[in-house]
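Subject: Structure handover

Hello,

Here is the structure you are taking over. Please have it open while you read the notes below.

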Amino acid sequence: MSRLRIENLQKTFPDGTRAVKGSNLCIDAGEFVVLLGPSGCGKTTTLRMIAGLETPSGGRIELADQDVTHLRPAQRDVGFVFQFYALYPHLSARENIAFPLRAAGVPSHQREAAVNRVADRLAIKHLLESRPSQLSGGDQQRVSLGRAMIRTPSIYLMDEPLGTLDSGLRLDMREFIRSQQLELKVTTIYVTHDQEEAMSLADRIVVMDQGAIMQTGSPASVYDHPANLFVAQFVGSPGMNLIAGCIQQNGRPSFRPHRSDACIPCPAVTTAGDATLGIRPEFLRLDPQGPLSGKVAMSEYMGSVTFLHIDVSFGRLVVRADPNEMLRPGDSVRVNYSAPHARIFDAAGDAL
Ligand code: ATP
């Protein structure tokens, strides 16, 4: 279990691309932190600098209170799992998984016991004598996870390790990674662009965009209290409904969407002027007395829930509705919402 601290970490590539623009982050020993953001936001570059595979252009990396910024990867005691399994083709699955223990000089009977235990957890015992070329992509990725998680380094660094798996296997592997990490208490940084994966795994999520950290917090705090419009839209599936408009203070605050005569309730804020009101689909509801009128544009049936896309005068809203709600495109509806659950963002896009 080791603490990781990064201070003003930066990476500018020789072609001038500023991939990481000065990140600060402190990760507690044993914590599971997910770097979440869209493609190109700098997640992998951050992880590779922590692993020692990329040289920072500036800043400092401390692992277990030691400055490791300029140490070689082998001197950092990190366990790295890539999206693409880098298995040794001439070794069997068993030998691949045992490799880190063999390299560390662990006696063979202990290696055998450890490989069997990990293979059991990954449900790949029957594949242990196969070579990588005889395995499916999903099986190769399981072997690669087994090889990474058979030992307990100071920190696990995982770069989209489940990216190539089908959805059933993804869920199994998520469960394996989280249970193994909790058992071994190894500090873990996990990179993904999949916000559902981030929410389900993380103690803390670090949301990134364009080389910068947008917000750091528990999954619930990032979801409930996004720090800015980027996080509000990126986290959540579907994302938060965002309504551009203006806050008016006539005794109590109200919100008037642009391009609309509707005046809708607003959470208690003391400012006035241009702003964006954000509301999650689950806090909007169909209500014949609701202040917003619109027409159904599309209905997405998801099994346990239906998402209704409703065109109103100032844009489109997504409402989480009962799956039994039988509405068709073109149907007129009224929508109400829970004002205390709405979030207000100022003209610069930051949460008030
Ligand atoms: P993805 O999920 O697609 O891997 P990411 O968030 O991990 O994206 P990075 O791979 O860290 O993003 O890339 C960040 C930025 O740096 C991108 O604009 C990318 O094109 C650029 N980049 C990455 N590696 C290099 C390189 N070796 N030379 C120049 N630019 C690079």
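Strands here are DSSP runs of E with at least two residues, helices are DSSP runs of H or I with at least four residues, and both are numbered from the N terminus. F307 counts as buried, at 8% relative accessibility. The cut-offs are under 20% relative accessible area for buried, over 50% for exposed, and partly exposed in between, with a 1.4 Å probe and protein chains only. Leaving aside neighbours within four places in sequence, F307 is in contact with S237, P238, P281, M298, S299, E300, M302, V318, V319 and R320. Contact means heavy atoms within 4.5 Å. The C-alpha atoms of F307 and D322 are separated by 8.6 Å, and these two residues are 15 apart along the chain.

Before the rest, two notes on how to read the values. This is a predicted model, in which local features need pLDDT of at least 70 and side-chain atom pairs count only at pLDDT 80 or more, while totals for chains, interfaces and linings use all residues. Residues are numbered from 1 along each chain as its sequence is written, and side-chain values use heavy atoms, with hydrogens and water left out.

The chain as a whole

The secondary structure comes to eight helices and 20 strands. Along its principal axes, the C-alpha trace spans about 75 × 45 × 35 Å. The chain has 352 residues, and 50% of them count as buried. Its accessible surface comes to about 16300 Å², with 48% of that belonging to carbon and sulfur atoms; accessible areas come from the Shrake-Rupley method with a 1.4 Å probe, and for residues only the protein chains shown count as cover. Among contacts between residues at least 6 apart in sequence, 64% join residues at least 24 apart.

The ligand

Which residues come nearest to the ligand? Of the 13 residues around the ligand, they are S39, G40, K43, T44 and T45. A residue is near a molecule if one of its heavy atoms lies within 4 Å of it. Helix α1 (residues 43-51) gives the largest share of this shell, three residues. By type, the shell divides into four nonpolar, six polar and three charged residues. In this scheme Ala, Val, Leu, Ile, Met, Phe, Trp, Tyr, Cys and Pro count as nonpolar, Asp, Glu, Lys and Arg as charged, and the others, Gly among them, as polar.

- G40: a backbone N or O atom lies 2.7 Å from an oxygen atom of the ligand.
- T44: an N or O atom in the side chain is 2.8 Å from an oxygen atom of the ligand.
- T45: a polar side-chain atom lies 2.5 Å from an oxygen atom of the ligand.

On its own the ligand has 640 Å² of accessible area, and the protein covers 60% of this.

Strands and sheets

Strands of a sheet pair through backbone hydrogen bonds, either parallel or antiparallel. Two strands are taken to pair if DSSP finds at least two bridges between them. Four strands form an open sheet with antiparallel pairing, in the order β2-β1-β4-β5. β2 (18-27) and β5 (66-67) stand at the edges with a single partner strand each, so one side of each is left without a neighbour in the sheet. Strand β4 (residues 58-63) pairs with β5 over two bridges, and L63 has Q66 in β5 as its bridge partner.

Strand β14 (residues 273-279) is mostly covered, with five of its seven residues buried. β14 pairs in the antiparallel sense with strand β11 (residues 241-250) over seven bridges, where I247 stands opposite G273. β14 also pairs in the antiparallel sense with strand β20 (residues 343-345) over three bridges, and here L277 stands opposite I344.

Backbone details in the loops

The peptide bond from S237 to P238 is cis, with omega near 0°. P238 is found in the loop between α8 (229-234) and β11, and P238 is also one of the contacts of F307.

D65, in the loop between β4 and β5, is not a glycine but has a positive phi near 65°. D65 is exposed, at a relative accessible area of 58%. D77 is not a glycine either, and its phi is positive at about 55°. D77 is found in the loop between β5 and β6 (78-81) and counts as partly exposed, at 32% relative accessibility.

Regards

Methods: A polar contact is a pair of N or O atoms within 3.5 Å; within protein, one must be able to donate a hydrogen and the other to accept it, and residues adjacent in sequence count only if both atoms are side-chain atoms.
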